[in-house]
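User: Could you take a close look at one helix pair for me and then walk me through the sheet as well?

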Amino acid sequence: MIRTAIVGTGGIAGICHVPALRAQAHRARIVAAVDVDAARAEAFAAEHGIPAVYTDLHTMLEEQSPDLVHLCTPPFLHAEQAVACLESQAWVWCEKPVALSLAELDRIRGAEGPALTGAVFQHRYGSGARYLRDRITAGTLGRPLVAQCVTAWYRDDAYYDVPWRGTWESEGGGPTLSHGIHQMDLMLAVLGEWTEVRAMAGRLAREVQTEDVSAALVRFDNGAIATVVNSVLSPREESYLRFDLTDATVELRHLYGYSNADWTFTTRSPGVKWEPPDGVPSSHTAQLAAFLDAYEARPRGGSVLGVVG
C-alpha cells in the first residue's frame, strides 16, 4: 500500500483529494492529515477516517514516513514544504502553482532524487484531451493552426479577504498563475512547446497587488498561433478552448471540469470522426491514477526525472 498524507485540510483537500484517494483505495491509504489549525485538522480527520493528525509537517514526516504527500496549502508554502517532503524520500503531488518563481522551482528540482514531484493539472487526463492529443499526433485532424484559450471567471472583492490572496509574496500572481493556469496547461499539452509570447496585464477592478486580467499572443514551435485571456472579472463564467486544424475545429466549453459532452467537433470531411474511446472526465481522480502508476514504476536508484505533471 502507498502510504499517503494530506497537508492542508481546506476546501480542495476534502472536495478533490480525498475522493481521488478513495478511488485508489486498493493501492493507497491515507495515514495522516496536517494543518496549522488543529481544530480544522481534527475535524477533517474525523470526517474522513484518517488515523493521525498533526500541526507540524516535519513531525509528521519523521513519525509517519509517508510514501506520498498531497500538498493542499497556499502557494507561498509549496516550495519549502515540497523540499522537506522530498528530502524525507516522500513523493509530492502539489496543487498549482507548484512554485512562485523559477528559483523556487529549481530548489524543488534540486531536492528530487528517488522521490519526485507532480503538479495537479487534471485537465490533461480527461478522455477528450487524451483523444485530441492522440489524433494530432496521428495527423488525422490535420495540422494545428489557430487556438483560443479563455479563462473567464468571476471573483468578487470578498474572495480576496483571505490574507494570502492577491499578493505577489503569498499568491505569486493573479488569474494568470492561479486561475487560467489549468486551461493554459491543457493548451500546452495539446500544442506542445511554445517559442514566443507577447502579453499584457492589468489591474482593472480588484484591490489587489497582482493583475486581475491578462491577455497574450503565443506562437508555438509547430507554427500554430494562439490567443490567451485570463480574467476574474467576468460575470458569465466560462472556461473555453478552441483548436482550429487544417481538417477540423475542436472546442471545449466548461467551467471547473469537463466530460465528453462538453466537447464539440466540426470537420470539413465526413470521413473524419470525433469518437473518444471512453468517458473519463477531467478530475483529480483521473490524474492521481496516472500519478500512482508513475510511482509504482519509479526507477530504483535511477536519475532525476524532474517535475512530472
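Analyst: The axes of helix α1 (residues 11–23) and helix α9 (residues 284–296) cross at roughly 50 degrees and come within 8 Å. Axes here are lines fitted to C-alpha atoms, for helices over the stretch in contact, with angles from 0 to 180 degrees between N-to-C directions. So α1 and α9 are oblique to each other, given that under 35 degrees counts as roughly parallel, over 145 as roughly antiparallel, 65 to 115 as roughly perpendicular and the rest as oblique. Ile-12, Cys-16, His-17, Pro-19, Ala-20, Leu-21 and Ala-23 of α1 meet His-284, Thr-285 and Leu-288 of α9, contact meaning heavy atoms within 4.5 Å.

This is a predicted model: local features need pLDDT of at least 70, side-chain atom pairs count only at pLDDT 80 or more, and totals for chains, interfaces and linings use all residues. Residues are numbered from 1 along each chain as its sequence is written, and side-chain values use heavy atoms, leaving out hydrogens and water.

On to the sheet: seven strands run in the order β8-β9-β10-β7-β11-β12-β13, open and with mixed pairing. Helices (H or I, at least four residues) and strands (E, at least two) are DSSP runs, numbered from the N terminus, and two strands pair if DSSP finds at least two bridges between them. β8 (194–202) and β13 (263–267) are the edges, each with a single partner strand, so one side of each has no neighbour in the sheet. Strands β7 (residues 144–154) and β11 (residues 233–245) pair antiparallel over nine bridges, and Cys-149 has Leu-241 in β11 as its bridge partner. Helix α6 (residues 127–138) lies across β7, β11, β12 (248–254) and β13, at about 25 degrees to β13.
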